[in-house]
Structure formats: C-alpha cells, structure tokens
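Here is a friendly walk through one protein chain, going from the overall fold down to a handful of residues. Please keep the 3D view open while you read.

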Amino acid sequence: METPTITTQAQMIADIFDETRKLTRFYLSKVDPAWAEWQPVADGVPLNSAYWLVAHLTWAEHALLVASLGGPKLDIPWMKHYALGTDGTLHEGRPSFEELVNEFNRVHQHAMQYLRSLTDEQLEEPADTAAMQWNATKRKVAYHAIRHEGTHVGHLGWLCKIKGQKTI
C-alpha cells in the first residue's frame with residue numbers, strides 16, 4: 001500500500017484516526033453478531049456491549065468530527081440513544097448489528113472526507129462544543145476523537161477476549 005502524500009495537518013490527523021479505526025475494525029471483525037448485544041457484568045457492574053460501543057463510536061465520530069467541526073450532518077435518528085452520558089442500554093427499534101456496522105462505516109467515510117477538507121487555519125478555529133460544555137479548537141476536538149476511539153477499541157478487545165476470540 002502506498003503511503004499518502006500529506007499536504008495539510010487535517011490530512012495527517014485523519015490518517016492517524018484512520019489507523020486507530022483499523023484497530024477498531026480488527027476487533028469488530030472478531031465480534032459475533034450472536035453475542036454483540038451481550039452485556040457483561042464485572043463485580044456487579046454492567047459493562048457496555050459490543051453493539052453499544054459501535055453505536056456510541058458512530059455517534060461520537062459524527063458529533064466530534066462532523067458536527068463540532070462544522071461539517072454537513074447526516075440524519076441518523078438512533079444515534080442520540082448512544083450519546084455522551086447514556087447508560088449503556090440498547091434502544092427499542094434499533095438497527096440490526098449488520099446495519100449498525102454499515103452506518104458506522106458510512107459515518108467514518110463522511111467524517112474523514114470532511115476532516116481532510118479542512119485547512120490548517122480552520123483547525124485553529126473554535127469548535128462547536130457547547131453541547132459538551134468545553135471550549136476547544138477544531139484541532140483539539142479532532143485529537144480528542146482519536147483518544148476516544150482508542151479508549152473504546154480497548155473495550156472491544158476485552159469483550160473479544162472474554163468471548164474467547166483469538167486476537168493475537
């Protein structure tokens with residue numbers, strides 16, 4: 001595979017996010033739809049299911065790399081059920097796991113296309129983060145999106161290991 005030519009900082013940030021997403025996709029390939037909605041409990045504390053994690057990552061990428069950066073929003077009504085502060089439950093009428101993964105991929109393609117279009121100057125502009133109650137530049141929000149994805153990919157890895165999936 002040929003290494004892309006990076007001409008802007010936004011393109012570099014998008015490449016880093018893409019590399020993190022590759023790891024997410026690796027663990028996601030180990031998730032069996034038959035147990036995707038299974039919610040494990042550790043020391044009496046319910047953990048998030050693989051389904052919830054993928055839905056939440058879909059919401060987060062859209063919220064952080066599209067909405068907060070000023071991009072054209074996609075209309076995906078179910079995402080609000082997996083926003084910041086939701087409790088890990090799955091909503092009624094949710095899409096199948098396969099449909100969820102398709103939307104996960106569609107949002108990623110849309111977010112990466114928009115992020116790559118930003119100039120270095122635009123990355124220094126304030127992001128629209130009022131809903132999250134913090135002030136940040138678009139660059140800092142994009143950095144946070146990478147950290148956020150990396151955190152939850154670890155959760156997917158744990159679920160795969162708990163379910164006996166070979167990951168290494």
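**The chain as a whole**

Please bear in mind that this is a predicted model. The chain holds 5 helices and 2 strands, and read from the N terminus these elements follow the order α-β-β-α-α-α-α. With a radius of gyration of 16 Å, close to the 15 Å that the globule rule gives for 168 residues, the chain is as compact as a globular protein of that length. The C-alpha trace spans about 45 × 40 × 30 Å along its principal axes.

Buried residues make up 46% of the 168 residues. Among contacts with a separation of 6 or more, 72% are between residues 24 or more positions apart.

The table gives the relative accessibility of each residue, with its class.

| Residue | Relative accessibility | Class |
|---|---|---|
| His91 | 11% | buried |
| Arg139 | 13% | buried |
| Thr86 | 28% | partly exposed |
| Leu23 | 42% | partly exposed |
| Asp43 | 82% | exposed |

**The loop between helix 2 and helix 3**

Let us begin with His91, which sits in the loop between helix 2 (50-67) and helix 3 (97-117). Why does His91 count as buried? Its relative accessible area is 11%, and buried means under 20%, so His91 falls in that class. Leaving aside neighbours within four places in sequence, His91 touches Trp78, His81 and Tyr82. With Tyr82 there is also a polar contact of 2.6 Å between the two side chains.

Thr86 is found in the loop between helix 2 and helix 3 as well. Which backbone oxygen does the side chain of Thr86 reach? That oxygen belongs to Ala83, at 2.8 Å. Beyond its neighbours within four places in sequence, Thr86 is in contact with Trp52, Lys80 and His81.

Leu23 belongs to helix 1 (residues 9-28). In sequence, Leu23 and Gly157 are 134 residues apart, but from C-alpha to C-alpha the distance is 9.4 Å.

Arg139 is part of helix 5 (residues 138-162). Setting aside neighbours within four places in sequence, Arg139 has contacts with Gln9, Ile13, Asp120, Leu123 and Glu124. At 13%, its relative accessible area is under 20%, which means that Arg139 is buried.

Finally, have a look at Asp43, in the loop between strand 1 (41-42) and strand 2 (45-46). What is the phi of Asp43? The angle is positive, about 50°, although Asp43 is not a glycine. At 82% relative accessibility, Asp43 is over the 50% mark and so counts as exposed.

Terms used:
Residues numbered from 1 in each chain as written. Predicted model: local features only at pLDDT ≥ 70, side-chain atom pairs only at ≥ 80, totals over all residues. Heavy atoms only, no water. Helix = DSSP H or I, 4+ residues; strand = E, 2+ residues; numbered from the N terminus. Buried < 20%, exposed > 50% of the residue type's maximum accessible area, 1.4 Å probe, protein only. Polar contact = N/O pair within 3.5 Å; in protein donor to acceptor, adjacent residues only side chain to side chain. Contact = heavy atoms within 4.5 Å. Rg over C-alpha atoms; globule rule 2.2 N^0.38 Å.
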